Amino acid sequence: MEVIKTDFILNTVRRMENDQSKEFSFGDKKSLVEKLAIAFINPKDFDKLNLSSKPNLKISSNFGIIIVKGIADEDVPEGTVLMPISIWSNQITGVENSELRYKNMRVDVDITEEKINDLNSLINKIKEA
Amino acid sequence: MKRSVCSGCSLLCDDIMVKSDGIYIDEVFGACLKGKEKFDQVTSQNRILSPLIRKDDTLQKASWDEALQRTVDLIKKSKKPLIYGLSNSSCEAQLKGIELAKLINGFIDSNASICQGKVLDNAVNSGITLTTITEIINKADLILLWGSNAAESIPRLLNKVLFSRGKFRMTGREIKTLIIIDPVKTASFNTMGVRDVALRITPGKDIELIKVLKEECCAADSIPSEGVAGLDKDDMKRLLQHLSGAEYGVIFVGQGLLTPQKNSNLINELLELVQMINIKQERGRITLAMMGGHFNMNGFDHVALSMYGKRGNLHFKDNQILETDENIISKIENEDFDCSIFIGTDPISHFPMSLSSKLAKKPIILIDNRNSATLQLASIVLPTTITGIECSGLAYRLDHIPIELKKIINPPSKIPTDEEILNQIIQKLKSDGGN
Ligand code: SF4
């Protein structure tokens, strides 16, 4: 099967609608995934990736891989993938020269049928790493 | 109805009206959505109300005596304890945190050192002055949000600085220009009018823009005809005209500008640009303001400076301060710790996986009032009050103005404050014969 793979720039941001502290205070494990295990991309990239054919995005950086839901957002520039700052986005951020790298990082984005990582699976991954 | 300060973010709005009988909060007027959520945390369904201790890999309720004893036992065993967080705590608690770090020969730092603290260090070294919210309200005719989405991170900031009428700006919004430089069309763009300037820069190209603007300051017509960083030449000229023509311009530096760059220091480049513009300026000047997130992001700087002449990264040995180049990131990266104490923060979520997995390998003591990923891995959890609602204390606003937070209601289940918990640990360590 043909694998569609595209280079993107990852940016992580704080958004009131997708706020991790809020979800930990008022939400549950389901709402954490709904609000934070997501990535916004430009509708043109959404179409190019044929995201409507498979539900999720697999985003890989030099530091790790995460599966999240892809959402089209015309406010995001083409070639950029935007994620709310959270334990999900931090699976693919990293450290260079003792400085945090959480913005403007090159990532690969594929579409996938693999399941979105839930909070428990991420906690277990962190524990076992 | 009483006037209160909101501790929802570092703007510390002091015009919030709260209706309360001292036991419950009935209504909150004047706070933004984020501020209202802060007040709602008092009764949040996931609030931690009892100490928890990990037994057989699950967190179980414990008495305060047992939890404190386990905390002290863990600390006594530790040779290299880390203390981190405290940006959501009062300055009084920060002071106790430093006292604890000294007693146990630990390393202590706050969230500020990986955020706005970097700008402050560079600004102080370059001699650029920072401004205050009152100055901006009274004087500013140009507001530049650079890599900062004020509308969502500090929701009432633009109401105060852009839509207000100040002493020397009676005409208010009509004569104020808003410029936003950001790759993403954030919610802040929705506040823009026809005279404002929206600059959707290519992600990660801020450094190129700053360098060309610096060149243009030295020699006109340095801007390439095709533009730079996704911006066209006219936009860049307009940006520079606004900056050099403002009577009082403010650049709000956001997270977007704090990303480390290979081979150059973005913040230093920006500060140099500001200096160059100010030399050229005939009518006024450009100044900087920072956008800390947590309500007392700046407090630790002031407390640590007043005690040890250093803004953060305090490392103690033989109960004395050590000179060190280490920071919280290098400490975790090099696994130079054997136990960590986190206060009001969630590093397991906020740090990259390469760091959180290292933290998870050593015992974690968490002092906090809400659920978090760090709680899922903590060995001991000590619940605490919500500062500014259930206890009083001092905090420093984003412009470094000290603001007194007042207690509105009693905490549930007689939960102690961060300061009290840290003090109890210190007293117990001392009575048990030290570390
Ligand atoms: S802007 Fe910040 S301090 Fe002001 S009401 Fe909103 S959350 Fe509270």
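User: In this predicted model, how many of the residues of strand 11 of chain B are buried?

Analyst: Strand 11 of chain B covers residues 248-253 and is mostly covered. B:Tyr248, B:Val250 and B:Phe252 point one way from the strand, while B:Gly249, B:Ile251 and B:Val253 point the other way, and all are buried. The number of buried residues in strand 11 of chain B is therefore six of six, buried being under 20% relative accessible area.

User: Which residue of strand 11 of chain B is the bridge partner of B:Leu145?

Analyst: Strand 8 of chain B, residues 142-146, runs parallel to strand 11 of chain B, and five bridges join the two. Within this pairing, the partner of B:Leu145 in strand 11 of chain B is B:Phe252.

User: Is B:Leu398 buried or exposed?

Analyst: B:Leu398 lies in the loop between strand 18 (393-396) and strand 19 (402-405) of chain B. Leaving out residues up to four places away in sequence, B:Leu398 touches B:Ser10, B:Leu11, B:Ile133, B:Ile154, B:Met290 and B:Asn298. Because its relative accessibility is 3%, B:Leu398 counts as buried.

User: What angle do helix 2 and helix 16 of chain B make where they pack?

Analyst: Two packed helices are described by the angle between their axes and the distance between the axes. For helix 2 (residues 64-77) and helix 16 (residues 418-431) of chain B, the axes are 10 Å apart, and the crossing is right-handed. The angle at which these helices of chain B pack is about 65°.

User: How many residues of the contact of helix 2 of chain B with helix 16 of chain B are nonpolar?

Analyst: Helix 2 of chain B contributes residues including B:Trp64, B:Leu68 and B:Ile75, and helix 16 of chain B contributes residues including B:Ile421, B:Ile425 and B:Leu429. Among the residues of this contact of chain B, three are polar and two charged, while the number that are nonpolar is seven.

User: Which residues have the most contacts inside the largest nonpolar core?

Analyst: In soluble globular proteins, nonpolar side chains tend to be buried together. The largest nonpolar core here has 58 residues, and a second, separate core of 41 residues includes B:Trp146, B:Ala246, B:Leu257 and B:Ile277. Beyond four places in sequence, the contacts of A:Ile59 include A:Ala39, A:Ile66, A:Val81 and A:Val109. The residues with the most contacts inside the largest core are A:Ile59 and A:Trp88.

Note on methods
Residues are numbered from 1 along each chain as its sequence is written. Chains are lettered from A and ligands numbered from 1 in the order in which they are written. This is a predicted model: local features need pLDDT of at least 70, side-chain atom pairs count only at pLDDT 80 or more; totals for chains, interfaces and linings use all residues. Side-chain values use heavy atoms; hydrogens and water are left out. A nonpolar core is a set of buried Ala, Val, Leu, Ile, Met, Phe, Trp, Tyr and Cys residues joined through side-chain atoms within 4.5 Å. Buried means under 20% relative accessible area, exposed over 50%, partly exposed in between (1.4 Å probe, protein chains only). Contact means heavy atoms within 4.5 Å. Helices (H or I, at least four residues) and strands (E, at least two) are DSSP runs, numbered from the N terminus. Two strands pair if DSSP finds at least two bridges between them. Axes are lines fitted to C-alpha atoms, for helices over the stretch in contact, and angles run from 0 to 180 degrees between N-to-C directions. A crossing is left-handed if the near helix is turned anticlockwise from the far one by less than a right angle, and right-handed if clockwise. Ala, Val, Leu, Ile, Met, Phe, Trp, Tyr, Cys and Pro count as nonpolar, Asp, Glu, Lys and Arg as charged, and the others, Gly among them, as polar.
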